[in-house]
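Trainee: Could we go through this one together, starting with the ligand and then moving on to the pocket and the backbone?

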Amino acid sequence: MIFRLVTITLLLIGCTEHPASTTCGQTGSLYRQASYPIGVALDMMELNSSAEYQTIATEQFNSITPENIFKAESIHPERGFYNWLETDSLMSYCERTQKRVHGHTLIWHVQLPEWIRSFQGTKADWELHMKEHIQTIMTRYKGKIAGWDVVNEAFNEDGTLRNSIWRQHIGDSYIEKAYRFAREADPNALLFYNDYNLEVSPTKRAAVITYFNNLRLRGVKIDGIGLQMHISIVHPGSSEIASALMDVSANEYKVHISELDISVNPLGKNITATTELLGEQANLMGAILLHYRQLPLKHRYGITFWGVSDRNSWIRSTYNRIDYPLLFDDNYQPKPMYCKAIELL
Ligand code: XIL
């Protein structure tokens, strides 16, 4: 209802940015419709400053991934100093609105503060420092965060281990250690490994699955794998996505589609959001939902969208191109992709 009113108002005052045909006018609540959690990555500044953003976040989603504030550069900006301001505030929003929280991310090679990048120390010092980072954060929110991306993006495309700062200083075993430290801090939290292109590259996916299967044999409990799925209407196809989801689930991992966005402009052309492009995007969305539904319920940790609306998407700023990858448009109106989701969830 609220979307329809806003659309009508915008049409009346003639300031709608896209043709009306690109919004679907459908209303409802994604998560209420679904049999598994439907998540969104949230930005605290937007949450605190935009009523429309907050309304959509609260009404449409029941799982929240903080987009940036749990990353080391934000939460641990100085040695021995943790910035809990924003994370505490997000946690109380989630508590108030009864949202599940997915923690993202503890050990990554990106968005590190300068003090970690220039940290000098022995292997033992690095291990201790990794342990302290993981356990301080997890202990503060013990029992309140359902699942954690403990390690993020540790693999290269050819399936070898990325030579990240953590690997350079601790060696390959940093991954195993990170999961052991995490398990120790909160035995009940679900522990995930998260990466991109797992749906695109069977080589990378096989390497990740084999690696974590081996860790399991060594007694490390890994609960799930996050497939980021920053994809486009061009690639990958629906059947590649289906194989990836089934593969991960067949190996007894919960499957988190953890950062979903569907680019309509992967080549960075000068485009607008046409009905045709958004229709293709909606169709791929539909296919993903149908494939995801085939997984056993116990493996459906959820689908998380990487942002609320097109205007909030990281793609525009990071890749410096116009794109329309999310469920809601620049005016927070539901797009055909949203309607497809409401229809098929
Ligand atoms: C992105 C955020 O969306 C941006 O706001 C930030 O500037 C850079 O990081 N893989 C991940 C996410 O695991 O944490 C990244 O998020 C997108 C790629």
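Trainee: Which distance separates an oxygen atom of the ligand from an N or O atom in the side chain of Trp306?
Mentor: In this predicted model, an oxygen atom of the ligand is 2.9 Å from an N or O atom in the Trp306 side chain, where a polar contact is a pair of N or O atoms within 3.5 Å. The side chain of Glu259 has an N or O atom 2.8 Å from a ligand oxygen, and for the side chain of Asn152 the distance is 2.9 Å.

Trainee: How much of the ligand's accessible area does the protein cover?
Mentor: The protein covers 80% of the 410 Å² that the ligand has on its own, with accessible areas taken from the Shrake-Rupley method with a 1.4 Å probe.

Trainee: And which residues come nearest?
Mentor: Of the 13 residues around the ligand, those are Glu67, Lys71, His104, Glu259 and Trp306, a residue being near if one of its heavy atoms lies within 4 Å. By class, this shell has 3 nonpolar, 6 polar and 4 charged residues, with Ala, Val, Leu, Ile, Met, Phe, Trp, Tyr, Cys and Pro counted as nonpolar, Asp, Glu, Lys and Arg as charged, and the others, Gly among them, as polar.

Trainee: What can you say about the largest pocket, in volume and lining?
Mentor: Its volume is about 570 Å³, which is the space filled by probe spheres set on the grid points. A pocket here is an open set of points on a 1 Å grid over the protein atoms alone, where a 1.4 Å probe fits and protein lies on both sides within 12 Å along at least five of seven lines, and lining residues have an atom within 4 Å of a point. There are 28 lining residues, and Tyr196, Gln228, His230, Trp314 and Tyr319 lie nearest the centre of the pocket.

Trainee: Changing topic, where are the cis peptide bonds?
Mentor: One joins His104 and Thr105, with omega about -5°, and another joins His235 and Pro236, also with omega about -5°. Glu252, although not a glycine, has a positive phi of about 65°.

Key
Residues numbered from 1 in each chain as written. Predicted model: local features only at pLDDT ≥ 70, side-chain atom pairs only at ≥ 80, totals over all residues. Heavy atoms only, no water. Polar contact = N/O pair within 3.5 Å; in protein donor to acceptor, adjacent residues only side chain to side chain.
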